[in-house]
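Work through the exercises below with the sequence and the model open. Try each task before you read its solution.

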Amino acid sequence: MQRKALKLAALGLAAALIGGPALADGKTKVGFVYVGPVGDHGWSYEHDQSRLAVEAEFGDKVETTYVEKVSEGPDAERVIQQLARSGHDLIFTTSFGFMNPTLKVAKQFPKVKFEHATGFKRAPNLATYSARFYEGRTVIGLIAGKMTKTNTVGYIASFPIPEVVRGINAAYLAAKSVNPDVKFKVIWVSTWFDPGKEADAAKALIDQGADVLMQHTDSPAAMQVAEERGIYAFGQASDMKRFGPNAQLTSIVDNWAPYYIARVKAVMDGTWESTDTWDGIKPGMVGIAPLSDKLPADVKALAQQAIDDIVAGTRHSFTGPINKQDGSPWLKAGETASDGDLASMNFYVEGVEGALPK
Amino acid sequence: MELIQAIIASIIVAATPLAFAAIGEVVAEKSGVLNLGVEGMMIVGALAGFATTFETGSPALGVLVAAAAGTTAALAFGFLTQILLANQVATGLALTLFCLGLTALAGHAYSGQATPPLQPIPIPLLSEIPVLGPALFAHDALVYLAVALALAAGWFLRSTRAGLILRAIGENPDAAHAIGYPVVLARLMALAFGGALAGIGGAYLFLVQTPHWVENMTSGRGWIALAIVVFAGWRPERALLGAYLFGGVSVIQLHMQAFGIDIDAQYLSMAPYLATIVVLALISHDKTRQRMNAPAALGRPFFQSS
């Protein structure tokens, strides 16, 4: 908090010196707002790596600023406003909970371009972007289904937003397709980042029989618990192999760099438009970390095949027949889910146990 | 059975950092000083301990350095509030914010590194009792230390002359000063003890709970410890129980979710905090008892007359 306050003070000072948005020095100023610390080794870390890639790409033609650990509430609006006021041309806000604050500030600063990750509200100067992480979830779901001996997969979830629910459903469907007996145990920890709590959740899942862990939270705590207890786990957002050299089977790795570079370029060229980008494995926004040597050859082949099929467009994570948890039909045989359905997914598919928090 | 055993063991692990911090704060507050910087002292202890363990490979040394770092932070607080007579509430809050920022900055180099976890020391015989043995008596040394410290601090406050003096200072520093007791020195010592324990509590997070350093890894545990102090009525043994209760509710709610019990996860996440509030409300309902235990001079600056 203290750090943020200092940074904000510095931003305020910069604003006073520069005196409003201007490209006086010919530099494009790009701001980033992170929900976690850049050292989380997960979500915010990967966004920051991509920010550095932007700097590397454009050198002294860009100037980037980031504000980390911004809570998803009134604080966010203040931070975004401060960035907009201090002459940033393009501002990326990188958490679902920044959606409304970003929209509000975008209306106040029509000349500044905004980009909001994982949300669905757009404006002429507010674009959205997200990655089809569920494609990665399909791959790890297949591996989990094959690798679990107790037929119990533990899943540490953050908040019941479509993004997270989609991940659970995709992983479950994939696991189920190769292992009809598989069960998913889901714990909602109601935080993106609390290593202690994530570790406790991981232990609870293992104690209840899970021998493969997945997470949709940002710290490597669960991976370390898995390593300690000698079970398997999948990394989240970033390759977490060094936290679980034996435990990690693979990781879903976010790679925002190509997108960020393209968007900054568009601002420089004056071709920026408000768009809705949703890229998956094929364009490289979702990466799969090297598969572990612990995987038998057939499981490796299965995972690789799934990756190839997703890239080729012949496999969709949500292909009917799929019923919702309550047994009501959702997709007919052969039908694939529309992006609209995916973006607003607020139900478990049939077979997932437990109630989805509202 | 194995599950119950595992749950009890997890509860103890989750509760121990809280127990350390709360026991230390009980002693500090008994001297009449309200130090709201527990969260800050914990995080300082966590980083200093982590850095030491990481560089030397010795968890024991890490614990010592964590205690020293917590003490240093506490003495900084003591200098400001006892010597310079700054407002205790404001200084405590400032200490927490400062420490969180400082550790985030200073800890960058260690971010994402891992240390070997503290090894458990099963107590012979006792740890062989079925179910309860492995759940209660197969922990790391710090778990036992927390229990021992709770008992020792309770005994100290209740039954020793020094404890009596400390309590007298917490009740009425002017009177204690008039008799000739060193009010400021005693308070600084109580603060130092509280800081050392908070530091060890912070170190426990990376030593056992999740063996790596990340900034803000205490995630509000210092504030819970402060609530536990009130909950415990300023008694060290009860602070230990309070920590176990809080740890218990927070671990059990995770298990309830994994069992698929049909309650919204948000309610379960609230449970530990709700339990704390409910117990606090129940306890403070009884005014006389509360007054009897709370140090009368808590949080008030002491102006030394001559």
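The exercises cover sheets, domains, the chain interface and some local details.

**Ground rules.** This is a predicted model, in which local features need pLDDT of at least 70, side-chain atom pairs count only at pLDDT 80 or more, and totals for chains, interfaces and linings use all residues. Residues are numbered from 1 along each chain as its sequence is written, chains are lettered from A and ligands numbered from 1 in the order in which they are written, and side-chain values use heavy atoms, with hydrogens and water left out.

**Exercise 1. Describe the mixed sheet of chain A and the helix across it.**

Step 1. Give the order. This open sheet has six strands, β7-β6-β8-β9-β10-β12 of chain A, and its pairing is mixed.

Step 2. Name the edges. β7 (183-188) and β12 (286-288) of chain A pair on one side only. Neighbouring strands here are turned by 15 degrees against each other on average, direction ignored.

Step 3. Inspect one pair. β9 (residues 232-237) and β10 (residues 248-254) of chain A pair in the parallel sense over five bridges. A:A237 faces A:V253 in β10(A).

Step 4. Place the helix. α5 (residues 133-147) of chain A lies across β6 (152-157), β8 (212-215), β9, β10 and β12 of chain A. The helix runs at about 175 degrees to β10(A).

**Exercise 2. Characterise the contact between the two domains of chain A.**

Step 1. Domain 1 of chain A is 2-131, and domain 2 is 133-254 + 286-343. Their centres, taken over C-alpha atoms, are separated by 30 Å.

Step 2. Count residues. 13 residues of domain 1 of chain A are in contact (heavy atoms within 4.5 Å) with 17 residues of domain 2 of chain A.

Step 3. Get the area. Buried area is the accessible area (1.4 Å probe) that two parts lose on being put together, summed over both. Between domain 1 and domain 2 of chain A it is about 1,300 Å², with 61% from carbon and sulfur atoms. In domain 1 of chain A, A:H41, A:W43 and A:A131 lose the most area to domain 2, together 41% of what that side buries.

Step 4. Check the charges. A salt bridge is a side-chain nitrogen of Lys or Arg within 4 Å of a carboxyl oxygen of Asp or Glu. The count between domain 1 and domain 2 of chain A is zero.

**Exercise 3. Characterise the interface of chain A and chain B.**

Step 1. Size it. 40 residues of chain A are in contact with 37 residues of chain B. The two chains bury about 3,100 Å² between them, 53% of it on carbon and sulfur atoms.

Step 2. Find the salt bridges. There are two across the interface of chain A and chain B. One of them joins A:D194 to B:R221, with the closest N and O atoms 3.6 Å apart.

Step 3. Locate the contributors on chain A. α1 (2-18), β7, α7 (195-207) and α8 (221-229) of chain A each supply at least two residues of the side that touches chain B. α7(A) gives the most, with 10 residues.

**Exercise 4. Pick out local details in chain A.**

Step 1. Look at α2. The side chains of A:D48 and A:R51 meet in a salt bridge (2.6 Å, N to O). These residues, A:D48 and A:R51, are three apart in helix α2 of chain A, so about one helical turn separates them.

Step 2. Check the backbone. Most residues other than glycine have a negative phi, and most peptide bonds are trans. The bond from A:G320 to A:P321 is cis, with omega near 5 degrees. A:P321 is in the loop between α10 (297-312) and β13 (322-323) of chain A. A:N151 has a positive phi, near 60 degrees. This residue, A:N151, lies in the loop between α5 and β6 of chain A.

Terms used:
Two strands pair if DSSP finds at least two bridges between them. Helices (H or I, at least four residues) and strands (E, at least two) are DSSP runs, numbered from the N terminus. Axes are lines fitted to C-alpha atoms, for helices over the stretch in contact, and angles run from 0 to 180 degrees between N-to-C directions. Domain bounds come from an automatic or database domain assignment.
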